[in-house]
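Let's take a look around a protein chain together.

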Amino acid sequence: MENNCKRKTPVYITMEDDGTDDSEDLKSVHDVTLLIGDQRFPCSKKTLAENSDYFKAMFYSDFVEKNKDSVELQDVDPSAMDIVLKALIIKSPDFTKCSKILNVLETSCMFQFNSIRDQCIEFIVNHWMDCNTFLSVKSVANKMGLLDLQNMAESLALWNFKEVKKTDTFLDLSTDELISYLDDDRLNVTDSEFEVFEAGCNWIDKNPDERLFFSLNILKTIRFKYMSTFDIKSMLHYSSVRDTPQSELIIECIYDIRNDVLNESCVVCNAVEDDDRGDRPESPHSPISFSPSSSFKFIRSFKRKRRTTSQCSCFDTCTVMTAQKLLDRNKRMLPMVPCFVGVLPMKNKDLDDDWTQRNLVNERISVNDKNKCPYIFQWNGSEPDPIIHLSKIDDGPTGAIGFKVVVKDFNFYIMGGEYMMGYGTWNTSIWKYDTLRGTWEFETSLTAPRRHHSACILNDDLYIIGGIGKHRVMLNNVVRYNLMSKDWETCTSLPTALYNTACCVYKNEIFLFGLPVMCFRPDTNIWEEVNDIELPGNAAIASAIADDNLIYLITMDTSDLYCFEPYQKHIVIEHLGKFKACGKDACIINNLIYAFGEEDDHQIVEVYDIDNREFRMLWKSKSEFIVINQGYGCFALPKYH
């Protein structure tokens, strides 16, 4: 039976909408057909040229295609081109049902459909890109020369390593892509370097026949110096190590070096039989750098050189040198920058049209009452640099007081504060700012108005502690908001009301440095007094920060710096010295404590080097340039590019 239901070929042109839908009229307008494989795309040269510099040059310059009625295109995904051409007509295409958005992006870039390219990028950035796609987006962006998109995808892929390494995209990386990713000093390894090793093993297991040889290259990416000896020994149980003699030897050697049992002077074990000498490398370089063509010969050499006698288990010189080279690798350093909340005088602000037209006058206040603009400042190495205008807290009739800013990953959250003390004008919103995308988003509303509260983020929970509420009532209640589920929960209240109280997160617990010092354990939902932490003269704490080992405290009036290790039977509080300026803002990055304070009308930035145990002043300026909003927020923000 003859099939009379033939599929019509769409025509990709733009026409004035006259209310008709005559396919014959449309066909009469098209004057070129794009040929991709066995598919045909009837188009209008004028439409293509108006939307693409590529086709504009093709049809309106001296190219042979100028007078042709069909053009064949090579290496193009026809389904992607179909979407691109339809998008020219729709103008506002819906990419939500597009399963090959990266192919569409690639096609729009190849043929210079710039408006479609920009719409693709907007959709990818705001709606499509996640842990499953960071690496593939980076790859396509790099190929197409989309630097901003590439940098964003790379930043997210490096920061979210814990999740990215579980994805199919990671397991499908090429060898070069894998090694480049795992070797990056900026990789966010949250637990230990064993994570990197396991990720590499999972990649090998996806295709062991072709990938096993590269186990040595994966070892090269690992910082063995910062692994426990238990983890190093555990590596020997993995098939990718057992099945590769070089890898097994090197890991055993590293283990012995870390345990101080290596006997490098053993003549018996370092001796090589005569028939091995022809197989040995000519120079004692790391076996990791050997080319694949020499791998078989090198593996045979390793097999025979290992434990040449039954009385000793030492290693040959080449293995020892390779192991030592891997142990000498420096620690990974996340690219963090210290940030704080401050204000700029309004005369220093480049006012945009929307801001200048804002009505700042009402019956209670004058415009002069609002003469400063809140900003996030970052320390750029030479001076504080205002990077983000806190416009969402700057929408009130006056400057807000007592709000708080905290950070998680690339996002910071701003919450609370009061605009007009005594008049009940509050900021009851929590706003999120995405530093990569440069966008504000309403997160949620506070359960009750408050200012001068404490706030911190533990895992995915935002804790809001104490503060001052309506009618200037001091608060002892504690609430937490889950950033993933978007749910609020009431926690156990403090035994006493507190405000402007320093707090920090240490090993999944919250320490609150009021009188007395309190510790909150989320698993039990209990606040406990920590009675054995006592500073000289019961000094008030201005700032509390923590690293993996210690908690550091800066006193309120004297700017003394102390440290201690919690959970000890007898806690010893060590005095490390003092900063010159008084302040409540401090954060720690790569064993440097940055402190932002004020002294004699000067704003001051200082640093304490934990390793060298020394204080340094980094910057000093007059207060009219910037003013640090003491206690409103100070944190380390990731910045890859």
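## A left-handed crossing

Start where helices α7 and α8 meet: their crossing is left-handed. Keep in mind that what you're looking at is a predicted model.

On the α7 side, the contact is made by F134, L135, V137, K138, A141 and N142.

## How the two helices line up

Two packed helices are described by the angle between their axes and the distance between the axes. Here, α7 covers residues 134-144 and α8 covers residues 147-159. Their axes are 8 Å apart, and the packing angle is about 155°. Since angles over 145 degrees count as roughly antiparallel, α7 is roughly antiparallel to α8.

## Another partner for α7

Helix α7 also comes up in a pairing with α5, which spans residues 101-110. What is the angle at which α5 and α7 cross? It's roughly 10°, and the axes come within 10 Å. Angles under 35 degrees count as roughly parallel, so that's the label for α5 and α7.

From α5, the residues taking part are L102, L105, E106, C109 and M110. They meet S136, V137, V140, K143 and M144 in α7. This contact has seven nonpolar, one polar and two charged residues.

## Into the core

In soluble globular proteins, nonpolar side chains tend to be buried together. In this model, the largest nonpolar core has 88 residues, and L48, F170, Y181 and F224 touch the most other members.

## A histidine in a loop

Now find H453, in the loop between β12 (439-445) and β13 (454-458). Is H453 buried or exposed? H453 counts as buried because its relative accessibility is 2%, and the cut-off for buried is under 20%.

Who's around H453? Beyond its neighbours within four places in sequence, H453 is in contact with G402, K404, M415, G416, G417, I464, I465, G466 and G467.

## The whole chain

Zoom out and you have 641 residues, of which 50% count as buried. The secondary structure comes to 21 helices and 30 strands. Take the contacts between residues at least 6 apart in sequence: 57% of them join residues at least 24 apart.

Technical notes
Residues are numbered from 1 along each chain as its sequence is written. This is a predicted model: local features need pLDDT of at least 70, side-chain atom pairs count only at pLDDT 80 or more; totals for chains, interfaces and linings use all residues. Side-chain values use heavy atoms; hydrogens and water are left out. Axes are lines fitted to C-alpha atoms, for helices over the stretch in contact, and angles run from 0 to 180 degrees between N-to-C directions. Helices (H or I, at least four residues) and strands (E, at least two) are DSSP runs, numbered from the N terminus. Angles under 35 degrees count as roughly parallel, over 145 as roughly antiparallel, 65 to 115 as roughly perpendicular and the rest as oblique. A crossing is left-handed if the near helix is turned anticlockwise from the far one by less than a right angle, and right-handed if clockwise. Contact means heavy atoms within 4.5 Å. A nonpolar core is a set of buried Ala, Val, Leu, Ile, Met, Phe, Trp, Tyr and Cys residues joined through side-chain atoms within 4.5 Å. Buried means under 20% relative accessible area, exposed over 50%, partly exposed in between (1.4 Å probe, protein chains only). Ala, Val, Leu, Ile, Met, Phe, Trp, Tyr, Cys and Pro count as nonpolar, Asp, Glu, Lys and Arg as charged, and the others, Gly among them, as polar.
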